[in-house]
Amino acid sequence: MKREQHQRLGRAFSSSAYLSIKAGFRRLTKAVGGQESAASITRVDYQRIGRYGRAHEGMFPPIDVIADLEADAGDPIVTRILAGLQGHILIPLPPADADPAWVAHLGALGKEAGEAIARLSEALADDGKITADEVRDMNLRGEVREAMEVLARIDKALAQVEETRE
């Protein structure tokens, strides 16, 4: 179904997109130790935590419940799914550097970008195409993500330089 059709039905996304949010919430609940543990971390009881993850239930977890659980898990499991639905990716922010190590940042960028380019070229070498199997088997997304994480560290260091100037 097209996005316009989903909106006429009162929803912006397909039912599979909403099911993926629920599946992510179940993974998040498991990551924090189960429903009872999740309830002890949030403002809702364990029965409601269970209902949020059930595919046939029409209710979804409130954003503050997701935030509390993801903070405890140390992994933005549901937030990553939500970002993906909006066409975005999450890149972890690096810790602030007291004094950015520019040479180390540039070296890491060269290394990670080079590895990503090499893996992508390897995948393209056979037939000029990249298949889903190659993406998965060669960890191509992981290679690209690592290069983006280095760029995020450089961006953070540049922002620090800019902030100290003001």
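Which residues lie nearest the centre of the largest pocket? Select Arg 80, Ile 89, Leu 90, Arg 141 and Arg 145: those are the ones, out of 14 lining residues. Before going further, some ground rules: this is a predicted model, where local features need pLDDT of at least 70, side-chain atom pairs count only at pLDDT 80 or more, and totals for chains, interfaces and linings use all residues. Residues are numbered from 1 along each chain as its sequence is written, and side-chain values use heavy atoms, with hydrogens and water left out.

**Stop 1: the pocket**

A pocket here is an open set of points, on a 1 Å grid over the protein atoms alone, where a 1.4 Å probe fits, with protein on both sides within 12 Å along at least five of seven lines; lining residues have an atom within 4 Å of a point. The volume of the largest one comes to about 360 Å³, counted as the space filled by probe spheres set on the points, which are joined across faces, edges and corners.

Now colour α6 (77-85) and α9 (140-165), the elements that each give two or more residues to this lining. Helices are DSSP runs (H or I, at least four residues), numbered from the N terminus. The top contributor is α9, with 6 residues. By type, the lining splits into 8 nonpolar, 2 polar and 4 charged residues; Ala, Val, Leu, Ile, Met, Phe, Trp, Tyr, Cys and Pro count as nonpolar, Asp, Glu, Lys and Arg as charged, and the others, Gly among them, as polar.

**Stop 2: a pair in α8**

Next, the salt bridges (a side-chain nitrogen of Lys or Arg within 4 Å of a carboxyl oxygen of Asp or Glu). There are 7 in the structure. Pick Asp 133 and Arg 136, whose bridge has an N to O distance of 2.3 Å. Both sit in helix α8 (residues 132-137), 3 residues apart, so about one helical turn separates them.

**Stop 3**

Glu 57 pairs with Arg 51 at 3.1 Å between the closest N and O atoms, and with Arg 54 at 3.8 Å. How accessible is Glu 57, buried or exposed? Buried, at 17%. Arg 51 is partly exposed at 31%, and Arg 54 is partly exposed at 35%.

Definitions and conventions:
Buried means under 20% relative accessible area, exposed over 50%, partly exposed in between (1.4 Å probe, protein chains only).
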